[in-house]
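The entries follow the order in which I looked things up.

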Amino acid sequence: MARRDSKDLANRVALTGFWIAALTTVFILGAVIVYVFVNGIGEISLEFIFTKPHGVNAEGGIWPMIVATLYVTGLAMLIVTPIAVLAAVYLAEYAVQGQLVRTIRFAADTLASVPSIVMGLFGLAFFVEALKLEFSVLSGALALSFLMLPIVMRTTEEAIRAVPKYIRWGSYGLGATKWQTVSRIVLPSAAPRIITGIILATGRAVGETAVVIFTMGTMIYTPVLPTDPGRSMTVHLYQMAMEGINLPAAFGTALLLMVMILAFNLFARWLLRRNRRMQG
Amino acid sequence: MNEPIRDKESGLSNAERAPKLKLVSQSTYLKEAALKNLFLVCACVAVAGVALIFVFVGWRGWPVFSEIGVGKFLLGKEWLPTEQLFGILPLFVGSLVVTIGALALGTPLAVGTAVFLSEIASHRVRAIVRPAVELLAGVPSVIYGFFGLLVLRPIIAKLTGSLGFGPLTAWIVLAIMIVPTIATLTEDALRSLPPGIREASYAMGATTWQTISRVLLPAAKIGIVDAIILGMGRAIGETMAVLMVVGNAPVFFHGLGQPISTLTSQIVMDMPYAAGMHRTALFGMAIILFLVSMGLVGIVRFIQRLREEQ
C-alpha cells in the first residue's frame with residue numbers, strides 16, 4: 001500500500017508541475033498583453049495615429065512610422081510571395097530527392113535561422129551600399145523578404161503536400177498537364193493555408209527591428225516612393241524606450257504594434273479554422 | 001460499321017487528328033519544361049540568399065581576420081574600439097552566458113508546457129493554451145525588450161541592489177522568448193509517437209507521470225534535443241530584447257546584476273557611428289554569428305538524419 005501511495009503522490013506532484021508550467025506560459029503572455037494595453041490605451045487617439053510627430057521628443061502622432069511599417073512589409077510580401085510559392089511548388093510537386101533538393105532545404109533552414117542582426121548587416125552591405133539603394137523602403141523590403149522566404153516556403157510546401165493525391169489523379173485522368181493540375185487544382189485547394197502562411201510571415205516582418213533599422217534607416221519621414229527612407233514602428237519604439245524621454249509615445253506605439261500583430265495572428269487562425277470547417 | 005469514329009465538330013477521324021495533337025503537345029511540353037525550370041530557379045533563390053549573405057558579410061568582415069588576426073580577434077580580451085583593440089572574447093562569453101541561462105530557465109517551462117499540451121490538457125484547456133503559445137511566438141522582440149526594461153528591470157534592481165541591467169534580466173526575457181520555439185517542437189515530437197506505447201504503459205498500471213517520464217520523454221528524446229538546439233539558435237541570435245536589458249558593457253560576466261554585452265547587442269550599439277576597422281570588426285562578429293547559427297542547423301539536420309536511419 002505504501003508503495004502505491006508514493007506512486008500516486010509522485011504522479012499528483014508531477015501533474016501539478018505540468019499545470020504550473022502551462023499556466024505560467026499563459027500568464028506571461030497575459031501579463032505582456034495587459035501591461036501594454038493598460039499603459040498604452042490612454043495614448044491612442046485619432047491624433048496619435050494620423051498626425052506627424054514634432055519637437056525634439058517626438059511628441060504628437062506616429063503616422064509616418066505606421067505608413068513606413070505597412071509600406072515596407074507590404075512590399076516585402078509582394079516580393080516574396082511569388083518566389084516562395086513557386087519554390088514550394090517545385091519542392092512539393094516537381095523535385096526528385098537528391099543532392100540539389102537537400103541543398104535547397106539546408107539553405108532554407110539556414111536562412112530561417114540567420115540572426116536578424118546578420119540579415120540587417122547583409123542588407124546594409126548588399127542592398128544599401130553595393131546596389132546603391134540607400135536607406136530606403138525598397139532596401140528594407142528586400143532584406144525582409146529574405147527573412148520571410150523560408151517561412152512562406154515551408155508553410156506553402158506543407159499546404160501543397162496536404163492536398164489529397166486522388167484530386168491530382170483525377171486531374172491527370174482528364175488529360176491535364178502537370179502545370180494545369182498544379183495551377184488549377186492543387187494551388188486553389190491549398191490557397192487558404194498558403195495565405196495563412198503568408199499572413200503569419202508578414203506578421204513577423206511587422207515586428208522585425210534589427211533588419212529594418214540598418215536598411216530603411218531611422219529618419220522620421222512619410223515614405224511615398226519605394227526609394228524614400230523611413231522609420232518603422234519597431235525602431236521608433238526602440239528609440240523612444242532607450243532614450244526614455246517620451247515613454248507615453250513608446251507605450252502608444254507598443255500598443256498599436258501589438259494590436260497589429262494580434263490582428264494578423266487572429267486573422268490567420270480564423271482563416272485556417274474557416275477552411276477546416278468548409279472541408280468538413 | 002467499319003467507318004472510323006469521327007469527331008463531332010471537325011468531322012475528322014482520330015487518325016487524321018493525330019498529327020495536330022502531336023504539335024500541340026510539343027509546345028505544351030516546352031512550356032511545361034520552361035515552367036519547371038522557372039520553379040527551380042525560384043527554389044534556388046534560397047541557396048543564392050545564403051551565398052549572398054556569406055559573400056557580402058564575409059567580404060566586409062574579412063579584413064578583421066587578415067589584418068588583426070584570428071587569434072587577436074576571437075581570443076582578445078578587450079573590446080576598446082577607440083584604442084584599436086578588437087577582442088570579442090568578452091562579447092562571445094556574454095552571448096554564451098545569456099544563452100545558457102535562458103535555456104536553463106526556459107527549457108523546463110517549455111518542455112513542461114509541451115507535455116501538458118500533448119498528454120494532460122483536455123480539449124478545452126488545449127484550445128486556450130496552444131494559441132497562447134503561438135501568440136507568444138508572434139510578439140515582436142522589441143516589445144519583450146520594452147517589457148523587460150520597464151517591468152523586470154526594476155524588480156531585478158531591487159533583488160540584486162544594482163541598476164538591473166545585466167544577465168539575470170536578459171535570462172528571464174530570453175527564456176520567455178524561446179518558450180514557444182521549444183514548446184512547439186517538443187509537442188510535435190511527442191505527438192509523433194505512436195499511441196500504442198502510451199496504451200501499453202497504462203495497461204501495465206503505470207501512472208501518467210510514470211508514462212511521461214519513463215516512456216514518452218525518452219522516446220521523444222531526439223526531437224526534444226532538436227527543439228532545444230533551435231531554441232539555442234534563437235537565443236544566441238536574439239538582438240533587440242537583449243540589447244534593451246543587458247546593459248551593453250563589453251566586459252566579462254562578473255555578477256547577475258552587472259552589465260555585460262553580447263555579440264548581437266554590441267553590433268547594434270556600435271554600428272551607427274563605427275568607421276574603418278571598427279566597422280569591419282562588427283561585420284566580422286556577424287560572420288561568427290552566421291557560422292554559429294549555420295552550425296546549429298547543421299547539427300539538427302545531422303541528428304534528424306540519424307533518426308531517419310534508425
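Which domains does the domain assignment of chain A give? I found domain 1 (2-40) and domain 2 (47-278), with bounds that come from an automatic or database domain assignment.

Before going on, I noted that this is a predicted model, in which local features need pLDDT of at least 70 and side-chain atom pairs count only at pLDDT 80 or more, while totals for chains, interfaces and linings use all residues. Residues are numbered from 1 along each chain as its sequence is written, and chains are lettered from A and ligands numbered from 1 in the order in which they are written.

**Domains of chain A.** I looked up the C-alpha centres of domain 1 and domain 2 of chain A, and they lie 34 Å apart. Five residues of domain 1 of chain A are in contact (C-beta atoms, placed from the backbone, within 7 Å) with five residues of domain 2 of chain A. The domain 1 side of this contact has three nonpolar, two polar and no charged residues, where Ala, Val, Leu, Ile, Met, Phe, Trp, Tyr, Cys and Pro count as nonpolar, Asp, Glu, Lys and Arg as charged, and the others, Gly among them, as polar.

**Chain A against chain B.** I then turned to the two chains, where 69 residues of chain A are in contact with 67 residues of chain B. On the chain A side, the largest share, 19 residues, comes from helix 1 of chain A; helices here are DSSP runs (H or I, at least four residues), numbered from the N terminus. By class, the chain A side divides into 50 nonpolar, 14 polar and five charged residues.

**A buried alanine.** Ala76(A) is found in helix 3 of chain A, and I list Ala76(A) as buried because it has 29 C-beta neighbours inside 10 Å, the cut-off being 20 or more. Leaving aside neighbours within four places in sequence, Ala76(A) is in contact with Ala141(A), Leu144(A), Ser145(A), Met148(A) and Ala205(A). Ala205(A) is 129 residues from Ala76(A) in sequence, yet 8.4 Å away in space, C-alpha to C-alpha.

**A helix pair in chain B.** Helix 11 (residues 263-270) and helix 12 (residues 276-309) of chain B pack at an angle of about 150°, with axes 10 Å apart. I therefore describe helix 11 and helix 12 of chain B as roughly antiparallel, a term for angles over 145 degrees. Among the residues that meet are Leu263(B) and Ile267(B) in helix 11 of chain B and Leu282(B) and Met285(B) in helix 12 of chain B.

Methods
Helices (H or I, at least four residues) and strands (E, at least two) are DSSP runs, numbered from the N terminus. Axes are lines fitted to C-alpha atoms, for helices over the stretch in contact, and angles run from 0 to 180 degrees between N-to-C directions. Angles under 35 degrees count as roughly parallel, over 145 as roughly antiparallel, 65 to 115 as roughly perpendicular and the rest as oblique. A residue is buried if 20 or more other C-beta atoms lie within 10 Å of its own, exposed if 12 or fewer, and partly exposed in between; C-beta atoms are placed from the backbone.
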